[in-house]
Amino acid sequence: MSAVDVPEATTQAHREEWARVVAALTRRFGDLDIAEEAAAEAFASAVERWPADGVPPNPGAWLTITANRKAIDRIRRENKRGDKQKEAQLVFDDQPQPPGAIDDDRLRLIFTCCHPALAMDARVALTLRMVGGLTMPEIARAFLVQEAAMGQRITRAKAKIKAARIPYRVPSAEDLPQRMSGVLAVLYLVFNEGYLATGPDTGPIRPDLTAEAIRLTRLLHALVPGDGEVAGLLALMVLTEARRAARVSPSGDLVALDEQDRGKWDAALIAEGHRLVRERLAARVAPGRYQVLAAINAVHTSARDVRDTDWSQIVALYDQLARLDPSPIVALNRAIALAELDGPEVALAAVDGLEDRLAGYHAFHATRADLLRRLGRTPESRAAYDSAMALAGNTAETAYLTRRRDQLGYLPRAPKPPMLHETPAIARPRANGARRLGA
Amino acid sequence: MQYLVSVIDDGAGLATDSEAVAIDAFNDRLKADGHWVFAGGLGLPSTATVIDSRGAEAIITDGPFIESKEYLIGFWIIEAADLDVALKLAADGSKQCNRKVEVRPFL
C-alpha cells in the first residue's frame with residue numbers, strides 16, 4: 001500500500017474496528033476502563049507506526065493484538081489489582097448462546113452502554129465513546145459541554161457499571177424489545193440533535209452527528225438484521241438525511257418540505273430507505289413506531305412533487321402511529337397532514353384542541369400560525385408566529401419563522417401552496433424540548 | 001453480590017393487610033429462589049431518634065435526621081448475580097408492597 005493511503009487506511013480502521021476492539025477487550029478483561037484505554041493506545045500506535053511500517057494486511061487483527069498487549073501491560077503495571085481485579089470484573093454469561101442468537105461482543109457493549117440504570121446523557125456519551133470511538137473533546141463539543149464535565153460524566157457512568165454490576169450481556173428474549181427501544185432512543189437522540197440542533201451556538205444542522213447516528217444504527221442493523229424497529233429507525237434516519245441538502249437555504253433558514261428542491265434529495269439514500277421499508281412491509285409483523293415513521297417518510301419521499309403526495313395514506317399512518325404513541329406531538333403532526341386532506345379549518349380545530357399540552361412548544365404555534373395564514377386570519381397568524389419565535393432555539397428555524405411572519409403583510413392570501421412545516425415527529429429528548437422530525 | 005432495596009414511602013404510612021400478605025408471599029419467593037438475605041419494615045419517621053456522640057457527650061434529638069416528604073419505610077437485602085437480576089426482583093417487590101423502591105449495591 002502506498003504511503004498516501006496510510007491516513008485513509010488508519011481512519012477506516014478506526015471507523016470499522018474501534019467497537020470490535022473495545023468490545024473484545026471488555027469481554028476478555030471485564031473492565032471498560034482498561035478496554036477503552038488499551039484500544040486508544042493501540043490506535044495511537046497505528047498512527048505512529050503504519051506510516052513507517054506500512055498498513056498491516058489485517059488491520060483489525062493487528063489492532064486487537066496490540067490492544068491486548070497494552071491491556072496486559074497496564075494490568076501488570078498495576079499488579080496490585082490481582083485478585084481484586086477479578087472480583088471487579090463485569091459479569092457476563094459464558095453459556096453457549098441458543099442456536100440462531102447473535103453472539104457479538106459489540107452487541108453486549110451497546111446494551112451495557114445504553115443500560116436504563118444510567119442517566120440518558122451518560123448513555124449517549126458512553127455509547128459515542130465506547131461504541132462510536134469519538135474522543136472526549138469531540139463528544140464534549142457535540143453537546144456543548146465542557147470537556148472536563150463530559151469526562152466526569154463518562155467516568156461516573158463507568159464507575160456505576162462496575163459498582164452496581166451492570167452486566168455485559170445481551171438481554172433475554174423477554175426483556176429484549178424494551179431494552180432495544182432504550183438503545184434506539186439513544187441513537188435517535190444523537191440523530192435528532194444533528195437533524196435540528198437545539199441551541200443557537202452551532203450550525204442549524206450538524207451532519208457530523210447525523211452521520212455518526214446513522215453509522216451506529218447501521219452497525220446495530222447489521223448485528224440484528226431481523227429486528228424491525230432497528231430497520232425502521234435506520235430507514236427513518238436515511239430518508240431524513242436524504243433531504244439534508246435541501247433543508248437549509250443559502251441564506252441559512254430552514255426550507256419546509258413543500259418548498260424544498262426535490263432534485264437536491266439524495267437518491268441513493270432514498271432508495272436505501274425505501275428498500276428497508278419494503279422489507280418491513282414484506283415481513284408482515286405489526287410495525288412499531290419507528291417503522292411507522294419510516295413509512296410516513298417513505299410516502300413523502302415517493303412524491304417527486306409535493307402535489308403528488310398521498311395525503312390520505314399519510315393521515316392513515318399517523319392514525320396508526322397515534323395508537324402506538326398517543327402523544328400530543330403525534331396528534332399535531334397528524335393535524336398538519338389533515339390540513340392537506342380536509343383543509344386548514346378542520347386542521348386548526350384539531351390543533352387548538354392540543355393547546356393545554358403543547359402551549360410551550362414552538363411547533364404548536366408555528367403550525368397554528370400557518371393554518372391561520374391559510375385561512376386569511378392575518379393578525380392572529382402574526383401573533384402565533386411571534387409565540388413560535390419566542391420558543392424556538394434553532395437559528396435556521398427562527399430565520400424561517402421570521403421570514404414567514406414578515407411575508408404575511410404583503411403576500412396575497414389565498415393561492416400560496418400549503419406550508420408543511422415539517423412532518424413526522426416524535427422523541428422528546430429534552431425535558432421540555434419536544435422535537436419533530438421532518439422537513 | 002448483595003443489593004439493598006429501600007422501600008420509599010410518601011405518605012401512605014404502614015403497609016395495609018393486603019399489602020402485608022403480598023409482601024409475605026414475595027418474601028417466600030425470594031427464599032425459595034435463593035435471593036433472600038434479610039428484610040424489615042420500619043416505624044414512621046416520627047418515631048426516630050438521632051444521636052450524635054462525636055463530641056464530649058452524646059446529644060439526643062427527637063425526630064429523623066432529615067425531614068422530607070419521602071422517607072424509608074422498609075428494606076430488603078437481596079442476593080443477585082447482577083443489576084439486571086436485582087432490578088427484576090426489585091420491580092416485583094415494588095409491585096407487591098405498592099411503593100417505589102431504590103436499588104443500591106453493597107460495596
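Is H19(A) mostly covered or mostly exposed? I looked and found H19(A) mostly covered, with 13 of its 13 residues buried. A residue is buried if 20 or more other C-beta atoms lie within 10 Å of its own, exposed if 12 or fewer, and partly exposed in between, with C-beta atoms placed from the backbone.

**Ground rules.** I am reading a predicted model, where local features need pLDDT of at least 70, side-chain atom pairs count only at pLDDT 80 or more, and totals for chains, interfaces and linings use all residues. Residues are numbered from 1 along each chain as its sequence is written, while chains are lettered from A and ligands numbered from 1 in the order in which they are written.

**Helix H19, chain A.** I checked the length next: H19(A) covers residues 362-374 and reaches 19 Å from its first C-alpha to its last, close to the 18 Å expected. That expected span is 1.5 Å times one less than the number of residues. Just after H19(A), I noted that A:Gly376 takes a positive phi of about 80 degrees. Helices (H or I, at least four residues) and strands (E, at least two) are DSSP runs, numbered from the N terminus.

**The core.** I then looked up the largest nonpolar core, which has 140 residues. Such a core is a set of buried Ala, Val, Leu, Ile, Met, Phe, Trp, Tyr and Cys residues joined through C-beta atoms within 7 Å. Among the members that touch the most others are A:Val22 and A:Leu187. Helix H9 of chain A (residues 176-195) gives the most to this core, with 10 residues. Domain 1 (3-87) and domain 2 (329-436) of chain A both give residues to the core, so the core lies between them; the domain bounds come from an automatic or database domain assignment. Leaving out residues up to four places away in sequence, A:Val22 touches A:Ala35, A:Glu36, A:Ala39, A:Leu109 and A:Met130. Contact here puts C-beta atoms, placed from the backbone, within 7 Å.

**Chain B.** I found two helices and six strands, in the order β-α-β-β-β-β-α-β from the N terminus. Of its 107 residues, 22% count as buried. Strands S3 (residues 49-52) and S4 (residues 59-62) of chain B pair in the antiparallel sense over four bridges; pairing needs at least two DSSP bridges. S3(B) and S4(B) form a hairpin with six residues between them, and B:Asp52 has B:Ile59 as its bridge partner.

**Where the chains meet.** Lastly, I saw that the contact takes seven residues from chain A and seven residues from chain B.

Key: Two residues are in contact if their C-beta atoms, placed from the backbone, lie within 7 Å.
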